[in-house]
Amino acid sequence: MGDGFLSALLTDPTLRVVGLGAGAVGALAGALGCFALLRRQSLLGDAVSHAALPGIVLAFLLTGSRATPVLVLGAAFAGWMGTLFVMAVVRHSRVPEDSALGILLSVFFGAGLVLLTYLQRTPTAAQAGLDTFLFGQAATLLIQDVILVVGVGAVAILLLALFWKEMKLLCFDGEYGRVQGIPMNRMDVLLTSLLVVAIVLGLQTVGVVLMSALVVAPAAAARQWTDSLGVMVLLAGVLGGLAGVGGAWVSTLGDGIPTGPTIVLLASAVVVVSILAAPRRGILWDRIRLRRTRARLRSGSPGSALPGDTPGGGV
Amino acid sequence: MTEEGRAGSAERHLLDGAGDAPVPALSVDDLTVAYREQPVLWDVDLRIPQGSATAIVGPNGAGKTTLIRAILGLIPRAAGRVRILGRPLEEVRREVAYVPQRGSVDWDFPTSVEDVVLMGTYGRLGWFRRPGAQEREAARRALERVEMSAFADRQISELSGGQQQRVFLARALVQDARVHFLDEPFQGVDARTERAIMGVLHELRDRGDTVVAVHHSLQTVPDYFDRVILLNVRLIAAGEVETVFTEENLRVAYGGRIPYVAAPPAGEGPGGGGSGMGGDDGIPGGATGGATGRDMPGNAKGGGH
Amino acid sequence: MPLHLEIQLLAVVVAAACALPGVFLVLRRVSLISDAISHSVLLGIVLAFFWVRDLTHPALVVGATATGILTVVLVEALHRSGRVKEDAAIALVFPALFSLAVLLIARYAGQMHLDVHSVLLGEIALSPFRRWEMGGVDLGPRTLWMMGGILVLNAAAILILWKELKLSTFDPALAAALGFSPVVLHYSFMALVSVTAVGAFDAVGSILVVALMIAPPATAWLLTDRLTHMVGLSVLLAVSAALSGFWGAWILDVSIAGAMATMTGVGFVLAFFLAPDRGVLAGIRRRTRQRVEFAGMLLAVHLLNHEGTLDEVQETRIDHLQQHLRWSPDFARRVINRAERVGWVRREGSERLRLTPLGRETARVGMTR
């Protein structure tokens, strides 16, 4: 990357908007994604982003407006309904969560498709652009869209900071919080809402199909480098932001390089590197440690070969 | 949870407080818990005085964990009333500490030992306030009491089972409560941890606090606890260990098959106190103290969770 | 055959072929593996295409199946490394493979007649136009032949491996102990899912495959407890969703695949609320009925527990019951009246209740349940 990229980012106004938008989306999804990852809700992101599609089309059908805030509102509503659907199914039937998520993402997506094709044959036909939500098209980002992402994202991060210790407790041991009298159910609703907001804000850039990767990948990468939740959230934000900016830039390099997949591939590469090479947790370090221990064992100094610092591991 | 606002609760608690006896630490009346209309706990009545250490004992699926969780308002009650220090839970949350089962959380969570202990101060801190120097000092003292000071900055995934349990105890200590509920505090911990935890619990009791713990190893009950609650969906017996912890009661609670080991295994805690009881009916393989009750084919229905 | 009949036939075959392996995906709680596989098979298709340069070549199916299995292997390897949890592993693997495929298609779009939209969404209405001709004889739509073959394959595999699949689904430990290799079975099954996903996505697209695989079996599970019934019912539900979806789409002139997926969802929601035994409404009805019965039992147990105790006088007062058992006066009256009617309790004065011998016996039995 280097110079060409930096100067292009500074001088090219389109790239500036696109890069900024994709970066903000990546940073927001990365930071909030940490909580989804830690609560084992990685696939909720996938389901919510697919579920947003009918919301987007319905919002357009009802208002006739293509303005991003309108579509985002529709997406958030549908995403929320989908989340409630999964909760209700898990709670009131024997159908397990993974099946409920699968039904949510495919059925809502199918319904979205029906609405989209219905729209396509109506005379207004102003739907052009709605299907950019499938894979995202960072190039269609306007400066207003970027302001929306940054503004709403800032509010989300502020809320996260205000309720930081409650969020941490919710993810680690929510019941313990309830015993202390902290309204954990309300915190759960807040956190899920923030996640839904982060997802739907990213749809225009990355698309419904791949948005979940932007929620999970930066968080999974960041987790390997640190053992502190605060650092993890910051780092995931930075990594997600970089993947966003980098992806937006790469996709301007050639014709027909879609932004969404590029961003996802960059983020995935970061995950691979992190899992292999991050200090302490990296797989490569495990190998090296193992080899050293073996070498020491062979050289015959039993005292130092005791694996005294092996982690105990939870159940 | 919904009960607290009910009319009549004020008079009731005056009634409880009346008389010359001090207010009991815990009073449970007619507590029934049902899961999908199947009773998991049937009409349990309990009085636990302040300054005592009580073990909740019973076969698997007896509802021991359910009892604690219902008392703490973590699961809905089908019927019944719970008072802690004579008042509804909502009014005395500051006085209630809880040590959940160690396996209930993800120990790979990115956080440090001190951070986990500080979680015990969150309720007291209230909204928007972060733990400060005062809270950190309290956390350090709590870690000292469980002999974990050296681990304050460690990542929690590096802890052994016993160390995890001590961290959970420290988190409860930092709450500075007067009634302490523990769910299987000795599950899968080493002998040293077991002694350390029991030492702390006895300290708490001796200063007038109340300790209530789900306990699995029958042979240590007489040494560790003053009182015992024998449970098997309904309350079999509750009271002082000497009067209640009899072979006959155990036989009723465990359906005739008592996982009781007459001689305590060598090196594994003290606990020879009740060696005169039971034994002949004990199931084999119960030699490792804490795990004894695990595989009991209890005759009770319904999960313990 | 008229066009719409061919489409319907294809829809029915696809739906049935997907529902069969779906039953075991749902029961094994790995539903979302179908989502992962149906996305990442695209990479296999693209790579195989670069090799053979022919979109109709059978090597594409082989390549796709291989990437399907690769997905499962990668997810399990990531999960086992202990660095991420299983859900995160799924969410990491398939977007990466899918992104790679989309990128390759975008770069070499000119060379292959494969656009990403049709991969995602499928276009069943176009399938009949791709014919299979042999020696100048039109044998029908190619996709129909392929999906027919896959349907037969799935049905045969499930028939042959019935007891192994059943055992390893409900008791994997026992299956392993009896000498069935769970690993071989697992990967054979995942290969089956992959082949099905490849075949079906030509017609309905990679996302809607998930609807056909998961929703009908999940719906069937709300309606029956028996595995054989569940398999049959799943196929039946999938086929009816396919047909109703087709006609809905035909009338409204919208996406057929989308309408089929929507109908599987409609079926699920209906069953979720209305299933005779496990539906939400049945549950509510049962609970209201049981509440009074349960409360009567609770009353008997309560009276029994306090018989002969010091606080008996206090504990058996009617107004006390209302307070302690948290019953409304009205509800308490209903419960007491019922208990009196069936002869469990009798009133003593206007204030107190006493158990009858029958009530005592009932409470004893009830307590030891």
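How many residues of chain A are in contact with residues of chain C, where contact means heavy atoms within 4.5 Å? In this predicted model, 58 residues of chain A are in contact with 58 residues of chain C. The model is read with local features needing pLDDT of at least 70 and side-chain atom pairs counting only at pLDDT 80 or more, while totals for chains, interfaces and linings use all residues; side-chain values use heavy atoms, with hydrogens and water left out. Residues are numbered from 1 along each chain as its sequence is written, and chains are lettered from A, with ligands numbered from 1, in the order in which they are written.

The size of an interface is often given as the accessible area lost when the parts come together. Buried area is accordingly taken here as the accessible area (1.4 Å probe) that two parts lose on being put together, summed over both. By this definition, chain A and chain C bury about 4600 Å² between them, and carbon and sulfur atoms carry 74% of that area. Salt bridges, in which a side-chain nitrogen of Lys or Arg lies within 4 Å of a carboxyl oxygen of Asp or Glu, number 2 between chain A and chain C. R83(C) is paired in a salt bridge with D286(A), where the closest N and O atoms are 3.0 Å apart.

For chain B and chain A, the buried area is about 3300 Å², of which 57% is on carbon and sulfur atoms. Of the area that chain B buries against chain A, 21% is supplied by F109(B), P110(B) and W127(B), which is more than any other three residues give. The contact involves 44 residues from chain B and 35 residues from chain A. Across this interface of chain B and chain A, 7 salt bridges are found. R223(A) and D108(B) form a salt bridge in which the closest N and O atoms are 3.4 Å apart.

Secondary structure was assigned from DSSP runs numbered from the N terminus, with helices (H or I) requiring at least four residues and strands (E) at least two. Chain A contains 13 helices and 0 strands, whereas chain B contains 10 helices and 9 strands. Residues are classed by relative accessible area as buried (under 20%), exposed (over 50%) or partly exposed (in between), with a 1.4 Å probe and protein chains only. On this scale, 57% of the 315 residues of chain A count as buried, and 60% of the 305 residues of chain B do. Accessible areas come from the Shrake-Rupley method with a 1.4 Å probe, and for residues only the protein chains shown count as cover. Chain A exposes about 12500 Å², with 68% supplied by carbon and sulfur atoms, and chain B exposes about 11500 Å², with 49% supplied by carbon and sulfur atoms. Among contacts between residues at least 6 apart in sequence, 69% in chain A join residues at least 24 apart; the corresponding share in chain B is 71%.

Helices α12 (256–274) and α13 (280–305) of chain C are the elements that give two or more residues to the nonpolar patch, and α12(C) provides the largest share, 5 residues. L274(C) lies in helix α12 of chain C and is exposed, with a relative accessible area of 53%.

Backbone geometry was also examined. Most residues other than glycine have a negative phi, and most peptide bonds are trans. F128(B), although not a glycine, has a positive phi of about 65°, and its place is in the loop between α4 (122–125) and α5 (133–145) of chain B. R29(C), likewise a residue other than glycine, has a positive phi near 55°; R29(C) is in the loop between α1 (3–27) and α2 (31–52) of chain C and counts as partly exposed at 49% relative accessibility.

With a disulfide defined as a pair of cysteine sulfur atoms within 2.5 Å, the count over all chains is 0 disulfides. C34(A) is in no disulfide, the nearest cysteine sulfur being that of C171(A), 9.7 Å away. C34(A) is buried, with a relative accessible area of 0%, and C18(C) is buried with a relative accessible area of 0%.

Notes
Contact means heavy atoms within 4.5 Å.
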